Amino acid sequence: ADISKDFAGSASCQRCHADEHAQWARSLHVQMTRPVGEATILGNFNGVSFADHGRAYTMHIREGQRVISVSHGGRPPEAFEVHYTLGAKRFQGYLTRLPEGRIYVMPVFWHVAQKRWVDWKEITPVPDADHDLRQIWNATCFNCHATNLDAKFDVASKTFGTTWTEMGVTCEACHGAGRPHIALMEEWQKNGKPSANAPVAIFAP
């Protein structure tokens, strides 16, 4: 059964669970993946360049947008606008939307403690051979970094039409879709709880 319409979003939990919602909003869970306009950008984008593991990078700002330029194997650099951030504790990564709907995890990360850029080979099990692999967020990362995400990969056109309720690890990522629970609580407010141990229509670990 399709339960995607049963996801209500974390804001809907705040009315009855204000303390828990406030604690979650300050947590790293909410920063697992964020649209760049809602994120705290930790990396230095002031025209910084470095090269490692066969790749050369420049992080800069163009027309108000953060951009990462990547060159591999001596080829001319490709410029990618940053659309999302990934994490904020040990490392912060950056994602860009490609024309066919793929969300590309850029192969350069900001080391939060050391305040420097690192190639992904330094922190991930990337094969040793010379390659230009691209990690695609909505094919490999989404199970932990978004809530109610549907990759919607179209085989015929080889495109993604990915949708989600919220980015990051949200209330419903752990507790399940909230709309049935909300409806039940509203019914109990009107008519009373039928019994002391009546199910609350949500997973409460």
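Student: What does the secondary structure of the protein chain come to, and how many residues are in the chain?

Tutor: Since this is a predicted model, everything we say describes that prediction. The protein chain has 205 residues, of which 38% are buried, and its secondary structure comes to five helices and 15 strands. Taken along the principal axes, the C-alpha atoms fill a box of roughly 70 × 45 × 35 Å. The accessible surface comes to about 11,900 Å², and carbon and sulfur atoms account for 53% of that surface.

Student: Which residues have the most contacts inside the largest nonpolar core?

Tutor: The general idea is that in soluble globular proteins nonpolar side chains tend to be buried together. In this structure, the largest nonpolar core has 17 residues, and those with the most contacts inside it are F45, M59, I68, Y94, M106, V108 and W117. At least two residues of this core come from each of the strands β3 (55-62), β4 (65-72) and β9 (108-111). There is also a second, separate core of 12 residues, which includes I103, F109, V118 and W120.

Student: If I pick M59, which residues is it in contact with once its neighbours within four places in sequence are left aside?

Tutor: M59 is in contact with a stretch of residues comprising N44, F45, N46, G47, V48 and F50, and also with V67, I68, V108 and W117. Among these partners, F45, I68, V108 and W117 are listed with M59 as residues with the most contacts inside the largest core.

Student: Now for a residue outside that list: is S69 buried or exposed, and what does its side chain join?

Tutor: To read burial, compare the relative accessible area with the cut-off, which for a buried residue is under 20%. S69, which lies in strand β4, has a relative accessible area of 13% and is therefore buried. Its side chain joins that of H60 through a polar contact of 3.1 Å. Not counting residues up to four places away in sequence, S69 touches A56, Y57, T58 and H60, together with P77, E78 and A79.

Student: Where does F7 lie, and how far is F7 from N148 in sequence and in space?

Tutor: The idea here is to set separation in sequence beside distance in space. F7 is found in the segment before α1 (18-25), and F7 and N148 are 141 residues apart in sequence but 7.4 Å apart in space, C-alpha to C-alpha. With a relative accessible area of 12%, F7 is buried, and its contacts, leaving aside neighbours within four places in sequence, are T147, N148, T165, E172, G176, A177, G178 and R179. For the protein chain as a whole, among contacts between residues at least 6 apart in sequence, 46% join residues at least 24 apart.

Student: Finally, how far apart are the mean positions of the positive and negative charges?

Tutor: The protein chain has 21 positive and 21 negative charges, and their mean positions are 3 Å apart.

Methods
Residues are numbered from 1 along each chain as its sequence is written. This is a predicted model: local features need pLDDT of at least 70, side-chain atom pairs count only at pLDDT 80 or more; totals for chains, interfaces and linings use all residues. Side-chain values use heavy atoms; hydrogens and water are left out. A nonpolar core is a set of buried Ala, Val, Leu, Ile, Met, Phe, Trp, Tyr and Cys residues joined through side-chain atoms within 4.5 Å. Buried means under 20% relative accessible area, exposed over 50%, partly exposed in between (1.4 Å probe, protein chains only). Helices (H or I, at least four residues) and strands (E, at least two) are DSSP runs, numbered from the N terminus. Contact means heavy atoms within 4.5 Å. A polar contact is a pair of N or O atoms within 3.5 Å; within protein, one must be able to donate a hydrogen and the other to accept it, and residues adjacent in sequence count only if both atoms are side-chain atoms. Accessible areas come from the Shrake-Rupley method with a 1.4 Å probe; for residues, only the protein chains shown count as cover. Lys and Arg count as positive and Asp and Glu as negative; His and the chain ends are not counted. The place of a charge is taken as NZ of Lys, CZ of Arg, CG of Asp or CD of Glu.
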